[in-house]
Amino acid sequence: MSGFDTLALAENVANFPIPIITGIGHDRDESILDMVSHTRVKTPTAAAAFLIDHLKTVLDAINDAQDRLAHAAQQKLITYHSSLITLSETLPRIFTAVRTRHEARLDALNSRLAHSAHQKIINYQLSIINLANRLPILLDRRLMTEKHRLQLIEEKAKSLDPALLLRRGYSITLKDGKALRDASALRPGDEIETRLANGTVRSTVLPSDPSNPFNP
């Protein structure tokens, strides 16, 4: 039995990552290996039976978990299927309600738009009627204003008429049909025309005579 009491074997068993089961077969003698192992049984046959029982327990637990998982999944599927049926029956009603609500909103909006457009048309018609009533008055005022302005222009034009100046005693001297404003523009021999209120005088420019103070 000393072979099962070595320090190196005991350390390997104690530190082994998988649980160690010992079944040395000497129930009367307890070795150090039995002390440090995970589970101690009497014989190797008992160790095999222990493993078989443990594996059966694990298998039974796995089978039970599998059955419960399958049952839970089936219940979930039934629940989801029932929910889908309920939703498929509810969706048409929801869609109908939503469509009815939106149609009502659209009808109300169309009514408001039609009323607003009708009111706008009435306002524009009233504005046109008001403008039509005011237009003759505005035209009369404009015509009077323009008539007064034309009268002022006519009076101003009359005041600038050369005939009025001639009747007041003034005269106009023309050279080549144009009004003469500067005597220095004349040369001896030039013919000029002097218009009076009654009649016209034609003259010829003479050369300058220093002895005649009236003939520069």
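This passage describes the fold, surface and two residues of a predicted model. Local features need pLDDT of at least 70 and side-chain atom pairs count only at pLDDT 80 or more, while totals for chains, interfaces and linings use all residues. Residues are numbered from 1 along each chain as its sequence is written, and side-chain values use heavy atoms, with hydrogens and water left out.

The chain holds four helices and six strands, taken as DSSP runs numbered from the N terminus (helices H or I, at least four residues; strands E, at least two). Read from the N terminus, their order is α-β-α-β-α-α-β-β-β-β. Of the 216 residues, 9% count as buried, that is, under 20% relative accessible area, with exposed meaning over 50% and partly exposed lying in between (1.4 Å probe, protein chains only). The accessible surface of the chain is about 18,300 Å² (Shrake-Rupley method, 1.4 Å probe; for residues, only the protein chains shown count as cover), and carbon and sulfur atoms contribute 61% of this surface.

Helix α3 spans residues 44-159 and includes L87. This leucine counts as partly exposed because its relative accessibility is 44%. Together with L84, L91 and I94, L87 forms a nonpolar surface patch with about 380 Å² of accessible area. Such patches join nonpolar side chains (Val, Leu, Ile, Met, Phe, Trp, Tyr) within 5 Å, or like charges within 9 Å, from residues with over 30% relative accessible area and no salt bridge (a side-chain nitrogen of Lys or Arg within 4 Å of a carboxyl oxygen of Asp or Glu).

Turning to strand β5, residues 191-195, we find T194. This threonine counts as buried because its relative accessibility is 17%. Neighbours within four places in sequence aside, T194 is in contact (heavy atoms within 4.5 Å) with S171, I172, T173, G199, T200 and V201.
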